[in-house]
Amino acid sequence: MSIPRQLRGESDFDQLPDDVAVSANIADTEEKRGFTSYYVFVIEVKTKGGGRYIIFRRYRQFYNLHGKLEERYGAESKNSRFTCTLPVLPGKVYVGAKREIADSRIPALNIYMKKLLSLPSWVLLDEDVRLFFYQSDFDSVQTPQGLRRLRPRTRRVKSISPREPGFDRMAAPRAEALFDFTGSTKLELSFRKGDLIYLLSKVNKDWFEGTVRDATGIFPSAFVDVIKELPQGEDTVNWVRCYYHEDNFSTVRDISVEEDLKSTPLFQDLMELIRRGFGRDDIALNYRDAEGDLIRLLTNEDVALMVSQVNNSPFEKHIFPWKLHVTQKDDYSVYNTAKYMPSPPRQ
């Protein structure tokens, strides 16, 4: 398991309890109804001991937690001899559709949680931090609706049945359903709480493929308790190589994905992945054409054209053959526009 970099060097990290949260990622937003409707963030939490569970938090809970941490540990705090630079929490928004506001906050809140859980161990042991990331009784009885941000984009469904000759029920990898789950597409497996699901494969770190009552499909791993694990296979993580250009310098970064190297992503999926990887929204995606010029990606057709140009090219193991060039959204100086300008009229 990857431990936040700032904690790796802490001599007391090994002494922390196994149930301390070390990473958190927003899987979805969901509408809830009280006296008025509101949205919560569905957050997958991973602990030092390898545990994984789902919690539900409103923005105001983030806001209240941050206020307490500023009072205790902020640079201007006089209440504690322990101070640190706290991450920046996105501010309140008073105008706009609630769903759009919630969705727009996801990238910034993911960055906030990542930086928060990378702070010194005494912050992780703070009572309010632990309570925020703790799965309460309320959290444990909630049923996540879709976990759409963790869902794999495509998946072919295999056909298999535990009734087939030679199928060993006791030896087969399997899981028990913790919640009811209703698939939103034909690819997804529907089941009820308590169902025994036979596992066929691990699609990615968040989704399994399995079978129950002669139906086969994919489903989120957070909905089940694994009784017998799938056998360990080859690492399925691949990498998208990105060249980041800004102010006359360039850096290279590889971003991990759990997709086949032959996959062609949708533009929005690709943009969301790179925004999360770089932790910023003000970027543009590009590729180099055969003449060496940068071409900005704007649509699914642009992505397909980029992929088609390298389909027959040799490539490194676990690295996509096409490369992305990441630039500032408003920087058009990187493009060779001269060759597209009309020639001046002859005198």
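Q: In this predicted model, partly exposed is the class between buried, under 20% relative accessible area, and exposed, over 50%. Which class does Trp122 fall into?
A: Let's start with the value: Trp122 has 27% relative accessibility. Buried needs under 20% and exposed needs over 50%, with the remaining class in between. Trp122 therefore counts as partly exposed.

Q: How is the ring pair of Tyr73 and Trp122 classed?
A: A pair of aromatic rings is described by the distance of the centres and the angle of the planes. For Tyr73 and Trp122, the centres lie 5.5 Å apart and the planes meet at 55°. Stacked needs under 30 degrees and edge-to-face over 60, so Tyr73 and Trp122 are tilted.

Q: How many residues apart are these two partners, Tyr73 and Trp122?
A: Here the pair links distant parts of the chain. Tyr73 belongs to helix H2, while Trp122 sits in helix H4 (residues 121–124). Their separation is 49 residues.

Q: Why are Tyr59 and Tyr63 separated by about one helical turn?
A: Both residues lie in helix H2, which covers residues 59–73. Tyr59 and Tyr63 are about one helical turn apart because their spacing in that helix is four residues.

Q: Is Tyr59 buried or exposed?
A: The cut-off for buried is under 20% relative accessible area. Tyr59 has 8%, so Tyr59 is buried.

Conventions:
Residues numbered from 1 in each chain as written. Predicted model: local features only at pLDDT ≥ 70, side-chain atom pairs only at ≥ 80, totals over all residues. Heavy atoms only, no water. Helix = DSSP H or I, 4+ residues; strand = E, 2+ residues; numbered from the N terminus. Buried < 20%, exposed > 50% of the residue type's maximum accessible area, 1.4 Å probe, protein only. Phe/Tyr/Trp six-rings, centres within 6.5 Å; stacked < 30°, edge-to-face > 60°.
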